[in-house]
Amino acid sequence: MTSQKTALDSHVRPTVTTGPISGSHKVYLEGPDGLRVPQRRVELSNGEHLDLYDTSGPYTDESATIDVHSGLEPLRASWVAEREPVNGAVTQLAYAKAGIITKEMAFCALREGVDAELVRREVEIGRAVIPVNRCHPESEPAIIGKKFLVKINANMGNSAVTSSIEEEVDKMVWAARWGADTIMDLSTGKRIHETREWIMRNSPVPVGTVPIYQALEKVNGDPTKLSWEVYRDTIVEQCEQGVDYMTVHAGVLLRYVPLTAKRVTGIVSRGGSIMAAWCLAHHQENFLYTNYDELCEILRRYDVTFSLGDGLRPGSIADANDEAQFAELRTLGELTHRARALDVQVMIEGPGHVPMHKIVENVRLEEELCGEAPFYTLGPLATDIAPAYDHITSAIGAAQIAWAGTAMLCYVTPKEHLGLPNRDDVKTGVITYKIAAHSADLAKGHPKAQERDDALSQARFEFRWNDQFNLSLDPDTARSFHDETLPAEPAKTAHFCSMCGPKFCSMKITQDVRKYAEEHNLTSVEAIEAGMAEMSEEFAAQGRQVYLPVVEA
Ligand SMILES: C[C@H]1O[C@@H](n2cnc3c(N)ncnc32)[C@H](O)[C@@H]1O
Ligand SMILES: Cc1ncc(COP(=O)(O)O)c(N)n1
Ligand code: SF4
Ligand SMILES: [Zn+2]
């Protein structure tokens with residue numbers, strides 16, 4: 001285990017422990033121009049190994065941040081410094097339009113095992129984004145788009161009620177370690193700027209924020225006191241700090257607010273409710289909408305990606321796919337095209353609470369209205385009735401919406417609707433969403449997705465217990481569950497576990513069947529049938545039983 005330190009204020013220096021995920025270590029994929037992409041390699045007991053394509057890898061043997069703070073240059077520092085603007089812009093979108101493959105694009109291509117030209121092309125047409133602020137050189141670029149692996153985001157940040165800087169940095173490290181592709185700092189409590197500074201300088205993954213939260217804090221929590229000027233100063237401050245993408249609720253228009261009046265749960269988006277309150281109090285159009293061009297200009301200077309917020313998303317099954325939600329989506333479509341014309345990258349945030357039969361319509365409409373900009377959805381929860389299990393209710397919706405084309409899934413933790421998640425909740429949320437994202441990758445037929453399932457299944461069938469654990473999303477928990485009943489070392493190669501015991505282990509019986517067939521040269525159907533009867537007697541003599549298949553005449 002290593003402990004990470006930074007050169008920031010020593011009075012609040014958090015000590016964060018990271019360490020390898022069981023049975024794996026860090027290796028590098030080598031690309032052109034000295035490009036190196038960290039990967040997590042699992043060494044198997046049969047002498048093989050598997051490089052996991054789906055994990056960034058920094059928190060395996062060591063963290064990327066150790067590199068940063070051990071005096072090595074941050075990954076992207078020279079990439080950013082060497083580059084000239086194109087058409088006055090420094091965004092990945094501008095470079096892609098100019099036909100340039102940036103280092104970030106090459107890095108993403110290597111990481112995903114695809115051609116760099118595919119990455120450039122998808123960025124150019126806006127179907128993928130690479131959120132990489134020029135001022136966040138520490139981060140390892142990731143590509144978000146439906147042609148690529150489904151990504152997951154982990155939310156964190158303090159609230160006025162609880163949490164400290166140490167706890168929030170700890171959550172960031174924990175989220176990245178278990179496989180979050182991006183994180184969002186949604187702090188609304190004390191020391192927002194300082195908390196974010198700690199997260200930014202230590203995070204190896206892109207960081208998103210919702211700037212209206214900090215703007216509201218600056219006016220003491222009174223939404224009516226907000227103004228474009230306060231907001232603009234806040235985003236410039238966050239751009240300078242290196243925030244890679246920002247949620248902007250510019251689609252909550254004054255005339256849409258009444259559409260929520262008859263909803264069961266009204267406006268559940270924090271940003272959405274703040275903007276609705278401002279619009280009504282001033283009876284003016286949303287200042288994010290009216291100042292949108294200037295907003296684009298600012299984000300363009302840093303290459304910050306828009307995450308156009310779904311301020312009117314449904315917060316209950318009853319409110320799903322209603323007029324308020326889709327009216328806002330149409331406006332987000334307009335804003336997408338305006339930002340793209342100015343070379344600013346765009347993602348679109350999506351719901352929320354949606355029953356399964358209403359999920360696909362959300363994706364198709366988003367694609368149509370927003371020119372296939374990457375969809376970034378919060379779950380959605382497929383039912384409202386299981387508080388304390390909303391990581392599950394939402395993973396059901398998340399797997400389906402990802403299969404239908406959502407590019408990034410925002411996790412939901414077991415604490416949703418109940419309180420601020422802690423570090424354990426962060427891990428549960430991340431693992432749950434890795435399951436949803438990977439299930440979608442499999443169903444979408446991503447060429448590398450099945451490799452891992454096959455490797456784990458093979459290990460399982462061959463009773464290589466340690467390999468089964470090490471190939472899993474959460475080796476620690478898998479191992480501890482197994483060891484709860486069979487902790488002794490020999491059990492790690494035993495041909496059974498405590499579920500069925502030695503005589504009823506179906507995989508063990510299958511192996512016996514195969515072995516017997518091989519030994520008796522039972523290669524034809526007739527021979528197998530003859531052999532089965534014989535084997536049955538042999539097994540019976542050992543006090544075991546096999547059921548012979550009934551073969552129709
Ligand atoms: C949009 C989503 O963001 C989540 N959310 C809002 N604030 C925080 C926080 N500080 N930590 C974790 N999740 C948060 C809520 O769960 C909401 O559903
Ligand atoms: C996928 C997604 N949707 C929304 C938000 C913002 O939260 P809010 O809209 O409640 O301010 C978010 N951070 N991520
Ligand atoms: S999670 Fe809690 S604080 Fe947030 S909207 Fe729901 S009830 Fe209100
Ligand atoms: Zn909810």
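Biologist: Let me start with a pair of strands: which residue is the bridge partner of E43 in β5?

Modeller: The partner is H49. Strands here are DSSP runs of E, at least two residues long, and helices are runs of H or I, at least four, all numbered from the N terminus. Two strands pair if DSSP finds at least two bridges between them. β4, residues 36-43, pairs with β5 over four bridges, in the antiparallel sense. This is a predicted model, where local features need pLDDT of at least 70, side-chain atom pairs count only at pLDDT 80 or more, and totals for chains, interfaces and linings use all residues. Residues are numbered from 1 along each chain as its sequence is written, chains are lettered from A and ligands numbered from 1 in the order written, and side-chain values use heavy atoms, leaving out hydrogens and water.

Biologist: What is the strand order in the open sheet of three strands?

Modeller: The order is β3-β4-β5, and the pairing is antiparallel. β3 (24-30) and β5 (49-52) are the edge strands, each with a single partner, so one side of each has no neighbour in the sheet. On average, neighbouring strands in this sheet are turned by 40° against each other, direction ignored. For such angles, axes are lines fitted to C-alpha atoms (for helices over the stretch in contact), with values from 0 to 180 degrees between N-to-C directions.

Biologist: Which strands does helix α4 lie across?

Modeller: α4, made of residues 103-112, lies across β3 and β4 and runs at about 15° to β4.

Biologist: How should I read a salt bridge, and how many does a search of the whole structure find?

Modeller: Side chains of opposite charge can pair when their charged atoms come close. The test is a side-chain nitrogen of Lys or Arg within 4 Å of a carboxyl oxygen of Asp or Glu. The search finds 36 of them. Take E122 and R127, whose closest N and O atoms are 2.7 Å apart; both residues are buried.

Biologist: Which residues are the protein donors of the zinc ion, ligand 4?

Modeller: Donors are N, O and S atoms within 2.8 Å of the metal (3.2 Å for Na, K and Ca); water is not among the atoms, so sites may look incomplete. Here they are H353 and H417, each through NE2, at 2.0 to 2.1 Å. The two are 64 residues apart: H353 is in the loop between β13 (346-350) and α14 (359-369), and H417 in the loop between β15 (408-410) and α16 (423-443). H353 is buried, at 9% relative accessible area.

Biologist: Finally, which residues touch the most other members of the largest nonpolar core?

Modeller: In soluble globular proteins, nonpolar side chains tend to be buried together. A core is a set of buried Ala, Val, Leu, Ile, Met, Phe, Trp, Tyr and Cys residues joined through side-chain atoms within 4.5 Å. Of the 100 residues in the largest core, they are I183, Y231, F306 and L409. With contact meaning heavy atoms within 4.5 Å, Y231 touches T247, V248 and F287, among others, not counting residues up to four places away in sequence. Apart from this core lies another, of 16 residues, among them A96, V119, I130 and V132.

How values were computed
Buried means under 20% relative accessible area, exposed over 50%, partly exposed in between (1.4 Å probe, protein chains only).
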